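Thanks for coming. Please have a look at the sequence and the model, and then I will go through some of the side chains.

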Amino acid sequence: MRFGVVGLAFLAVLLDGFDSASLSFVLPSLAEQWDVASADFTPAVVLTNIGVVLGYLASGRLAVRLGLRRMLIAGTVLFAAGSMATALVLPMQSLTALSTVRLITGIGLGVVLPGSVSLAAAHHPDEQRQSVSVTVTLGLAVGGTVGGVFGGSLLASVGATGVFWIGGALPLLLAVLMVRWLPAAPAPVAADRGPAAPGADDATAASREARVGALFAPGLRAATVLLWVFAFLVFIASYTLQSWVPTLLTGYGFSTSQAPIGLAFLSFGGVVGGIVLLLLAARRGIAFALMVMPVVGAVSMVAAATVGTDRAALLLALAGSGAGVTASQIGQLTLAVAMYPPATRTAGVGWAAALGRVGSIVGPATAGVLLALSLPGDDIVLLTAIPVVVAAVSAAVLWRLPHAADRTGGVEDAERTHREVAAR
């Protein structure tokens, strides 16, 4: 494993996860300071995720135009600038200004994840790509854990504004390290050659392969649809919990300084779930693992909704929820890496993540409306378990497909079919 590449990609995704956690754990404090309801911050949460979707959808084309390395560095700089802009507008106490800068931040974040996963995978042979993809994507959960563990201390010491200054300075430093030490993707990956491609025909072919239509080639069509459905449903649950858990915990009697601990348990559970996913995928394949982990998440969410006022049991149930839904979120990107040929991999990862992030818009927005209607937090958590159950069913159908990436050599079959279609 090329630890330098994986390490830099992992850190980029970690800072992505920290940014999402930062917005989540500062909301209860901001609501108190601005004297508004927590639900009033729903546009800021939703627009962040809309920006991420736009970044995901653009990542395939940007990989062709810029190359994965430059795309990743540009995305890191953009979300760093967005985080600093967030720090600048917070003293204005303007929901409109906050929502606007969060949209910009989200676009940068949306470029970082598919770029990080695709670039790290491109530097490794097929047999290592699942492990590399899981490792890099685990950065989301680790970043959320860091935010949850240190969120209360950061709020007490530097305030909400300071949190976003830190969240902007760290990715800028990382971008400098990337410029110095991050290598470009290997030349054989067509979508990674960027504007320096050797000929116009190659550039045209790379651009064609980066389009969404290539994801529906024979042998990929059904798997793509099922993967998108799975991603959409899992992200509904994952981002509903990530966005609103600290706010929901205040309804359980937690103070605003105590509430980030719920996010820490949720994210730490995600780290553990990612490790379990890695081990399970190595033994039974990633598609099989994606059947199991959503069930873990759904059962844990039901437990979290029914434990009552037992704080220890609630936090443990949140950890189990994080293990199930975060592992599923990581796993769908890993399956995309395994399922798609190299030339379409960035587009495949980006579109799968984008469809997931549509769910990340629907879920938190719906939860925000339910909060505004004064629905109890335990009922919201219970409702969030429903899409996770349906996602498990989608994963079971995907696992039964004859070209599932880990059952019958689906990567090789898909690449061969893709070449045949291109030749015709």
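Start with Q332 and what it touches. If we set aside neighbours within four places in sequence, Q332 is in contact with L227, F230, A231, F235, L290, A352 and A353. Contact here means heavy atoms within 4.5 Å. Q332 is located in helix α10, residues 311-339. Helices (H or I, at least four residues) and strands (E, at least two) are DSSP runs, numbered from the N terminus. Is Q332 buried or exposed? Its relative accessibility is 0%, so Q332 counts as buried. The cut-offs are these: buried is under 20% relative accessible area, exposed is over 50%, and partly exposed is in between, with a 1.4 Å probe and protein chains only. The C-alpha atoms of Q332 and A287 are separated by 8.6 Å, and these two residues are 45 apart along the chain.

Before I go on, a word on the source. This is a predicted model: local features need pLDDT of at least 70, side-chain atom pairs count only at pLDDT 80 or more, and totals for chains, interfaces and linings use all residues. Residues are numbered from 1 along each chain as its sequence is written, and side-chain values use heavy atoms, with hydrogens and water left out.

Now the whole protein. It has 13 helices and zero strands. Of its 424 residues, 59% count as buried. Among contacts with a separation of 6 or more, 83% are between residues 24 or more positions apart. The protein exposes about 15400 Å², and carbon and sulfur atoms supply 68% of that. Accessible areas come from the Shrake-Rupley method with a 1.4 Å probe; for residues, only the protein chains shown count as cover.

Next, the aromatic rings. Rings of Phe, Tyr and Trp (its six-membered ring) pair if their centres lie within 6.5 Å; planes under 30 degrees apart count as stacked, over 60 as edge-to-face, and the rest as tilted. How many aromatic pairs does this rule give? The count is five. One of them is W34 with F41, a tilted pair at 5.4 Å centre to centre with 45° between the planes. W34 is buried at 8% relative accessible area, and F41 is buried at 0%.

F216 and W228 form an edge-to-face pair, 5.3 Å centre to centre and 85° between the planes. F216 lies in the loop between α6 (200-209) and α7 (221-250), while W228 is in helix α7, so the pair ties together parts that are twelve residues apart in sequence. F216 counts as partly exposed, at 26% relative accessibility, and W228 as buried, at 14%. Ring pairs also bring in W351, giving a cluster of F216, W228 and W351.

There is also a charge over a ring, which requires NZ of Lys or CZ of Arg within 6 Å of the ring centre and within 35 degrees of the ring normal. R284 lies over the face of F288, 4.1 Å from the ring centre.

Last, helix α5. T145 is found in this helix, residues 126-181, and counts as buried at 13% relative accessibility. Beyond its neighbours within four places in sequence, T145 is in contact with A264, S267, F268 and V271. V149 is in helix α5 too, but at 46% relative accessibility V149 counts as partly exposed.
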